[in-house]
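Colleague: Could you please take me through this model? I would like to begin with the overall picture and then turn to details.

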Amino acid sequence: MFVEKLNKKPSGVYIIEEEKIITEGKWEGFLDHDNVNHQSISIYTGSKYTGEKVENFFISTPSETPWKTHLKIFSNSEKVYITYETTGDQVEAEDINELQEAITDTSNNLNDYKDSNNREIKQLKNRATTLENNKAEKTYVDTELNKKANKDNVFTKEEVLQKIQEIIGAAPEALDTLEKLATALDNDPNFATNIINLLSTKVDKEQGKGLSTEDYTTEEKQKLSGIETGANKYIHPATHSADIIVQNANKRFVSDTEKADWNGKETVEGSQAKADNTLKSAKEYIDTHDSNTIKHITSEERTNWNDSNNKRHIHENKSILDKITQTLIDSWNNAVEHTTDTVKHITSTERNKWNTVSNKADKIYVDETFATKEELSGAGNGDMLKSIYDKNNNGKVDVAESADSVPWTGITGKPSTFTPAIHEHNIQDLRYRTMDFYVDGNANTYYPVVISNISSLDDGQPSQKTLEIVRGYSWDAPDVWNTATHRGGLQVYLNTYALGWGGMNYFMDITMGQTYSKMVADIIIPLPDTNNILIWLRGGHAKYRLIAYDRNIEITPYIGDFINKPGTQYEQVYSPRTDRETPFDFIGLKKFNSIPEHFIGGGYRNIKAGNRLATIKDIPTKLSQLSNDKGYLSKRVTWNNLKGV
């Protein structure tokens, strides 16, 4: 696997972050790039300076390749992220050799791939020939298919059930099956014929007439008189010629030839059997192919095998690595732990000196209580004995005790008047205030917090206001922000001029830093009321601190909606939110540029249009941009380093 090389920069540096997998508590190897500034190396368990900072690591530089950097990192995390500065990579013979070897391996792999493909193509051609020879003729297939049952002439299951239902119709339950009907007819197959025969022996019953009177109606007599003499009952012959039957579109005769042709057509069962035989033959061919020694692989499998072959390597220091045992590693780890503990070693000479003193005095007590020989060398001689000057042994000179009891009127030589001394007070000292506050609610919800009175006047004139909102990373907040000890640190520095008085411009400059978690969702001035700044802060009973350089400035968290200008045409509701505006979705340090808005004629601006005063500008892209006036930072960046930047 090749790592993209970086061109050497004549000025400036690259900022690189590498992800490394920790195995058994350790990662060891060379950084991907050369010419690394060792002072800029920072290691965290999360990307982009997040998570826990890893302090337990060693840096070494090979003597033959001093442009390379070797690290040994000890961490309990699954991954670590190494960030560092480099001016670019060094092209060396090893890089050229690796490239040439890779080209050679690629060429060999291509040749192997070509040979394998040629074999597979040949096999496919043979298989195609075999299939061509074994395929069924189209005429035979068409003939056999014509013998199958025609779907249009066969009822589906649903159609059969529908026909049965039509037969049953509205029959009562006692007669809704053929079995019930047969039982009702006494299982007589000639029931209808027998009933008709019996009915034919009966005469119709007429109203008002009896069977014994032998009287007929006039119509019956006329009917009987109309029968010709000698007439008898007509009996239809049992057989007759088919020529007397007239055929139509719905009723036709079938010849013996047509009947033989239909009977010779393939049945559904026969078609299925032939299809099963065809499937069996195909399966036998595939099973035979699966059992041979030639196997197909996917493109992904071939790529993975080639990649594994390219990554094979041999450690030149294998003999040294083989000597490293778990006991030796444990000793190294113990040494690393011991260098960071509070137990210190002393020499044998120091121990002997300390042991000879039976009653040792505390060094701080001695330094603060007793004078040294050098301090007393110029003090001169005297008779300042306690027995003479402190006779009552109360620790105070007797003469001083007498002076304490002298009244003001008894003091001689004092001035008659006292002229006040001219001095100045810093206005920030007089008006500076701090106030701690909490944002309750849900741990993952951002609530509107109103900073008010930012446009108050100083001596009747508008003035620029400066304030800060901060929190220490271990202050009260939900542990789910990050960890129980590192919940999240915040610094928001606001420099604002929000009163458009006399045609002056509005502006708000923001410098903001967040560590371990994201605590700010947005910062705006809710228009048209420019007396407030609205900042959405993360809740969950989280502690924050306001540092204001104007004692009139107040701050109020809203665990719910904040309604600005209620009851007016400019009323606007600002609600809690769970998302963050893109410019504030970061962990680190950023500086935001102000957007001036001119206030013309003293009229209100349209609140619907909004006025988001903060946009990203001058986002630091490397550690050197966080430098002080003296140039680049000389060590890893901490919050203490950033004071005054």
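Modeller: The answers below go from the whole chain to strands and then to aromatic rings. This is a predicted model, in which local features need pLDDT of at least 70, side-chain atom pairs count only at pLDDT 80 or more, and totals for chains, interfaces and linings use all residues. Residues are numbered from 1 along each chain as its sequence is written, and side-chain values use heavy atoms, with hydrogens and water left out.

Colleague: How many helices and strands does the protein chain have?

Modeller: The protein chain has 17 helices and 21 strands. Both are DSSP runs numbered from the N terminus, helices being H or I with at least four residues and strands E with at least two.

Colleague: And what share of the residues is buried?

Modeller: Of the 645 residues, 23% count as buried. Buried means under 20% relative accessible area, exposed means over 50%, and partly exposed lies in between (1.4 Å probe, protein chains only).

Colleague: Which strand is largely enclosed by the rest of the structure?

Modeller: That is strand β7 (residues 79-86), because seven of its eight residues are buried.

Colleague: Which strands pair with β7?

Modeller: Strand β1 (residues 14-21) runs antiparallel to β7 and is joined to β7 by eight bridges. Within this pairing, Tyr-14 is opposite Thr-86. Strand β3 (residues 36-46) also pairs with β7 in the antiparallel sense, over five bridges, and here Tyr-44 stands opposite Tyr-81. Two strands count as paired if DSSP finds at least two bridges between them.

Colleague: What holds paired strands together in general?

Modeller: Strands of a sheet pair through backbone hydrogen bonds, either parallel or antiparallel.

Colleague: How many bridges link β13 and β14?

Modeller: β13 and strand β14 (residues 532-538) pair over four bridges. Ile-524 has Leu-534 in β14 as its bridge partner.

Colleague: Now the aromatic residues. How many aromatic pairs are there?

Modeller: A search of the whole structure finds seven aromatic pairs. Rings of Phe, Tyr and Trp (its six-membered ring) pair if their centres lie within 6.5 Å; planes under 30 degrees apart count as stacked, over 60 as edge-to-face and the rest as tilted. One of the pairs is Tyr-44 with Tyr-49, which is edge-to-face because the centres are 5.6 Å apart and the planes stand at 75 degrees.

Colleague: Are those two tyrosines, Tyr-44 and Tyr-49, buried or partly exposed?

Modeller: Tyr-44 counts as buried, at 12% relative accessibility, whereas Tyr-49 is partly exposed, with a relative accessible area of 34%.

Colleague: What kind of pair do Phe-562 and Tyr-574 form?

Modeller: Their ring centres are 6.3 Å apart and their planes at 25 degrees, so Phe-562 and Tyr-574 are stacked. Phe-562 lies in strand β17 (residues 562-564) and Tyr-574 in strand β18 (residues 572-574), so the pair ties together parts twelve residues apart in sequence.

Colleague: Finally, which residue lies over the face of Trp-475?

Modeller: Lys-543 lies there, at 4.8 Å from the ring centre. The charged end of Arg-471 sits over the ring of Tyr-544, 5.8 Å from its centre. A charge sits over a ring if NZ of Lys or CZ of Arg is within 6 Å of the ring centre and within 35 degrees of the ring normal.
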